[in-house]
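Colleague: Please take me through the terms used for this model, and set each value against the rule behind it.

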Amino acid sequence: MQTLYLAIIILALLAIVFGAILGFAAIRFKVDGDPIVDQIDNLLPQTQCGQCGHPGCKPYAQAIASGEAINRCPPGGEATIKALADLLDVEAIPLDAEHGAEAVRTIAYIREDECIGCTKCIQACPVDAILGAAKQMHTVIVDECTGCDLCVEPCPVDCIDMLPIEVTPASWHWRQPEDIIATSKQPLNVGGSSHG
Amino acid sequence: MDKIWPFHGGVHPPGNKSQSNQTTIVPMPVPPQLVLPVNQHIGAAAKAIVSVGDKVLKGQLIASAQGFVSANIHAPSSGTISAIEERILPHASALLGTCIVIDTDGADQWIEQKTHDVDALDTAQLLQIIQTAGITGLGGAGFPSAVKLQARQPITTLIINAAECEPYITADDRLMREHAQQVITGIGLLARILSQPKCIIGIEDNKPEAIEALTAAAKTAQGIEVRVIPTKYPSGGEKQLIEILTGKQVPHGGIPADIGLVCQNVGTVKAIADAILLSRPLISRTTTVTGKAAVNAGNYEVLIGTPVADLLAFAQVDLNRTSRLVMGGPMMGFTLQDPDVPIIKSTNCILAAADLELAPVADHHACIRCGQCEVACPAELLPQQLFWFAQAEEFEKAKNHNLSDCIECGACAWVCPSEIPLVQYYRYAKGRVKSLKEEAQMAEQARIRFESREQRLVDEKLAKEEKRKARAEAAAAAQAAKRAANPDEQDPVAAALARVNKQKLEQQQAAPIEAYSDAPKSPEEEYKALKTAAAITRTKLKKTSKALQNAQSTGHEQVDALQASLAELTAKADAAQTALKAYEDKLGLDPEYEKQLLVTVAKTNAVVRKLEKSLSTAEDAASVEAEIALAKTVHAAANLALSNYQTNPTANTAAVQES
C-alpha cells in the first residue's frame with residue numbers, strides 16, 4: 001500500500017515539476033504573431049498583383065492560413081503551389097484558371113513621349129516603382145517593378161507596355177537536359193555506338 | 001619540402017596533347033576584322049569609349065573598366081571602329097552582347113607606349129599597370145587579375161598554375177617552353193606585389209620540356225620552386241592544385257586568399273610581365289587549335305577579337321569534317337554554334353573534333369547508382385545525389401549537399417556508365433539556385449516596399465484625421481473663449497433649438513382646441529362647406545362634360561369611361577345641390593334674396609360713385625350733393641340689410657325690402 005502512495009506522490013510531483021517547466025516555456029518562448037502566415041508570405045512571389053482576389057500577398061497568406069485554396073497565385077505558378085503544399089502538408093492542386101494563367105514574368109515600361117503625367121499609375125503601383133510628378137513624364141524603376149500589371153489599366157492614354165524580362169548572358173543559365181531514358185525510347189541493341 | 005598531397009577523386013582521360021605541342025607558337029596575321037565583346041571577364045562589362053568611325057591604334061584603350069571587378073579592353077590592332085553593336089557572344093548561351101568591331105588597316109601601328117623604370121615602381125604602381133593593361137585570368141575563368149592580387153588577407157604563398165590538366169590543350173605547355181624566362185620574371189614581379197611570398201609552380205609531369213625550361217629559368221631567380229605533380233584531371237583546378245601543393249583546402253564558399261594563398265595561371269603571369277616590362281596591354285593570347293579536323297594543329301598567338309572562323313582557316317581546319325566545334329577543352333568547354341564568334345581573353349583552346357573524337361551527345365540511360373561519380377569527384381561531393389535533386393528540382397536539398405562547391409570539371413560525367421550529362425544537370429541546378437535566390441531577394445524587396453507603402457498610406461490617413469481633429473478642437477476652443485468673454489450671450493444654436501421646441505409645444509397645445517371646435521360647427525360654416533362642395537362638383541361636372549365632348553368629337557377610346565364618370569358626377573352634383581337646398585330650406589335661407597341684396601348694394605354703390613364723379617363738373621352742385629346723400633343712404637340701407645341677412649338669415653326680411 002505504501003508503494004502505491006509513493007508512486008502516486010512521485011508521479012504527482014513529476015507532473016507539477018514538468019507542468020511548471022512547460023508553463024514557464026510557454027511564457028518565456030512565446031511566439032508573437034502567427035508564424036505560419038509569415039512562412040506562407042515568404043513563399044508567395046510578392047508581386048502584390050491582387051489576382052488572387054486579395055489586396056496583396058500578405059492578405060492572401062492570411063487567407064491561406066485560415067483555409068483558403070493555395071492555387072490562386074498565377075505569378076507564383078506551380079512552383080509556389082508546390083512549395084505551399086509542402087509547407088502546409090496538403091495536396092498540390094493545379095492553378096485555378098479563374099485567377100489567371102501562369103505567364104512569363106514581365107516588367108512595365110512607360111512609352112515616355114506619350115505619357116501625359118496624370119500620376120494615376122503612380123497611385124496604382126503597389127511597390128512605389130513608378131517615378132514622376134503631376135504633368136511630368138513618369139518612368140518605371142525597372143529594378144523595383146514586380147510586373148503586377150496594376151498600372152496598365154488606370155493609364156488614360158495606354159502608354160504602359162508589359163514586356164518580358166530579357167535574358168542576358170549574365171542571367172542565362174543552362175537548361176535541364178532532356179530527361180530521356182534511352183532504354184524507354186528505343187531497343188538497347190540499336191546502334192549502341194554512343195559508348196565512346 | 002617537395003611533398004605532394006593527393007586530392008580525392010580525379011580521372012585520367014587520354015591526354016591528346018601531342019597533336020598540338022610539337023610545333024612552336026605561330027603568330028597569326030592580323031585578320032580583316034576584330035570583334036571585341038565589352039564583357040570578356042567576370043564582373044561588370046567595360047564601357048566603350050570610342051565611337052563608330054574613330055581611328056584606333058594598336059594598344060589603344062577602347063573600352064574602360066566599370067567598377068572594381070571589371071577590365072579594360074584595348075584595340076588589338078590599328079584600324080577603324082566600324083560598328084558597336086550586338087553580336088553573338090562566345091558563350092554557351094549563344095546570346096547577343098555588345099561588341100566593338102574594328103576594321104583593321106593592316107598597318108598594325110602601335111600607339112605611343114609609356115616605358116616604366118620597373119625597379120623604381122612600387123606595389124600600387126605595379127597593380128595600376130596590371131589593371132590598366134586589362135589583364136584577366138587566361139586559364140579560363142577570366143577573373144580580373146589586379147583584383148585577385150589586392151587581397152585583404154596577408155598572402156604567404158603564390159601558386160602558379162602550370163598544370164594544364166585538361167586534355168588537348170597545350171597553350172601553356174608551349175608558352176612555358178618558349179617564354180620560360182618571361183614567366184619567371186613575371187613571377188618575380190608578382191612576388192614583389194605580394195611582399196615576397198613563397199612561390200610554387202605546379203606543373204603536371206606530362207610536360208617534361210616545359211619542366212626543364214622552367215627549372216632552368218627558375219635558377220636565375222630566388223625562392224621560386226618548380227614542383228612536378230602527377231598527371232591527373234583536374235589537378236589544374238585552383239582548389240585542387242592548392243590541395244596538391246599545400247595540403248590545405250579552401251573553405252566552403254571562400255577564396256584561396258582566406259588561407260593566405262593566391263593562384264595565378266602561367267599565361268596570366270606572362271601577360272603581366274609583358275604589361276609591366278614591355279608596356280603591352282592584353283591584346284593577344286596563345287590559343288591551341290587542335291582536333292582531328294585541324295590539319296595544322298598547334299598553338300597560335302592570336303589577337304583578341306579574331307573570329308574563330310579566321311583562326312580555323314589559318315590552322316587549316318576542315319569545317320566540313322568537323323563534327324563538333326568546341327571552345328575550351330573537351331571536359332569543360334562548350335560547343336560553338338557559330339564559328340564567327342571571336343576569340344576572347346579566356347579562350348585557351350578551339351577543338352575541332354572530327355568523326356567520333358568526342359562522343360556524340362547521346363541519349364542517357366537511367367542512373368544505376370553505381371557510385372563511380374562519387375569516386376571521381378575531386379570536390380568530394382555526392383554527384384549521384386546532386387543529380388537526383390537537380391532532376392527532381394529539389395534545389396534546396398541540392399544546395400544543402402554543397403552544389404556550389406562543384407567545379408563543373410566533368411569527371412563524374414566522364415566516368416558515368418549511363419552517360420548522364422551530369423555537369424549539365426549541375427549547371428542547370430546552379431542556375432536555378434541563383435535565379436531563385438535573386439527572385440527571393442526581389443520578392444523580399446517588393447514585400448518591404450509594399451509594406452512601407454501601406455504604412456505610409458495609413459500614416460497619411462492618420463495624419464489627416466489628426467489634423468481634422470486639431471482643427472475641430474481649435475474651433476471649439478475659440479468658441480469657448482468667445483463665450484467666456486461674453487457670458488450673457490446665448491449660444492445661437494441653443495437659442496434656435498429652444499425656439500423651435502417652443503413652437504412645437506405651442507402647436508401641440510393648440511391642436512386639441514381646433515379638434516373640439518370641429519364638432520359644433522356654426523350654421524354659417526356648415527352652409528359655406530355645403531356651398532363649396534356644390535361648387536366643386538359643378539366645376540368637375542363641367543370639366544368632365546367638356547372632356548366628353550372632346551373625346552366624342554375625336555373618337556377617343558375613353559369615351560365610355562368618361563361617360564360613366566360624367567353620370568356619376570352629375571348624380572353627385574345633384575346630390576350636393578339637393579343637400580344645399582335642403583339646408584337652405586331648413587334654415588329658411590333664400591339665396592335669391594341674398595343675390596338681390598348683393599345686386600342692390602352694388603348698384604347703389606355704383607350710383608354713389610357716379611354722382612361723386614359728376615359732382616366736380618356739375619353746375620348745380622347743391623342738387624347733386626343732395627342726390628349723393630340720398631344714394632348713400634340707400635347704399636347704407638342695402639348694406640345693412642345684407643349684413644343683417646348674412647349674420648341672421650332667418651330674421652324677417654320684409655322690413656328691409658322696402659328701403
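Modeller: Domain bounds, to begin there, are those of an automatic or database domain assignment. This is a predicted model, in which local features need pLDDT of at least 70 and side-chain atom pairs count only at pLDDT 80 or more, whereas totals for chains, interfaces and linings use all residues. Residues are numbered from 1 along each chain as its sequence is written, with chains lettered from A and ligands numbered from 1 in the order in which they are written.

Colleague: Which domains does the assignment give for chain A, and how far apart do their C-alpha centres lie?

Modeller: The assignment for chain A gives domain 1 (35-99) and domain 2 (106-164), and the C-alpha centres of these two domains of chain A are 26 Å apart. Their contact (two residues are in contact if their C-beta atoms, placed from the backbone, lie within 7 Å) takes six residues from domain 1 of chain A and seven residues from domain 2 of chain A. On the side of domain 1 of chain A that touches domain 2 of chain A there are one nonpolar, five polar and no charged residues, where Ala, Val, Leu, Ile, Met, Phe, Trp, Tyr, Cys and Pro count as nonpolar, Asp, Glu, Lys and Arg as charged, and the others, Gly among them, as polar.

Colleague: How many residues of chain A are in contact with chain B?

Modeller: There are 26 residues of chain A in contact with 30 residues of chain B, and the chain A side of that contact divides into eleven nonpolar, ten polar and five charged residues.

Colleague: What are the domains of chain B?

Modeller: For chain B the assignment gives domain 1 (26-111 + 121-354), domain 2 (364-481) and domain 3 (590-659), and the C-alpha centres of domain 1 of chain B and domain 3 of chain B lie 141 Å apart.

Colleague: Why is strand S12 of chain B called largely enclosed?

Modeller: A strand here is a DSSP run of E with at least two residues, a helix a run of H or I with at least four, and both are numbered from the N terminus. A residue is buried if 20 or more other C-beta atoms, placed from the backbone, lie within 10 Å of its own, exposed if 12 or fewer, and partly exposed in between. Strand S12 (residues 261-265) of chain B has five of its five residues buried, and is therefore largely enclosed by the rest of the structure. The buried residues B:Leu261, B:Cys263 and B:Asn265 point one way from S12(B), while B:Val262 and B:Gln264, also buried, point the other way. In a regular strand the side chains alternate between the two faces of the sheet.

Colleague: What makes strands S2 and S4 of chain B edge strands?

Modeller: Two strands pair if DSSP finds at least two bridges between them, and four strands of chain B form an open sheet in the order S2-S8-S7-S4, with antiparallel pairing. Strand S2 (33-37) and strand S4 (55-56) of chain B each have a single partner strand, so one side of each is left without a neighbour in the sheet. Within this sheet, strand S7 (residues 79-88) and strand S8 (residues 96-104) of chain B are antiparallel over nine bridges, and B:Thr80 has B:Asp103 in S8(B) as its bridge partner.

Colleague: How do you know that helix H4 of chain B is mostly covered, and how does its reach compare with the expected one?

Modeller: Ten of the 14 residues of H4(B) are buried, among them B:Val183, B:Ile187 and B:Leu190. Helix H4 (residues 180-193) of chain B reaches 20 Å from its first C-alpha to its last, close to the 20 Å expected, the expected span being 1.5 Å times one less than the number of residues.

Colleague: Why is B:Asp108 called partly exposed, and what is its phi?

Modeller: B:Asp108 counts as partly exposed because it has 15 C-beta neighbours inside 10 Å. Its phi is near 50°, a positive value in a residue other than glycine, and B:Asp108 lies in the loop between S8 and helix H1 (123-132) of chain B. B:Glu419, in the loop between helix H12 (411-415) and helix H13 (422-485) of chain B, also has a positive phi, of about 55°, and is partly exposed, with 18 other C-beta atoms within 10 Å. Most residues other than glycine have a negative phi, and most peptide bonds are trans.

Colleague: Where is there a cis peptide bond?

Modeller: A cis peptide bond joins B:Tyr233 and B:Pro234, with omega about 0°, and B:Pro234 is in the loop between strand S11 (224-229) and helix H6 (238-246) of chain B.
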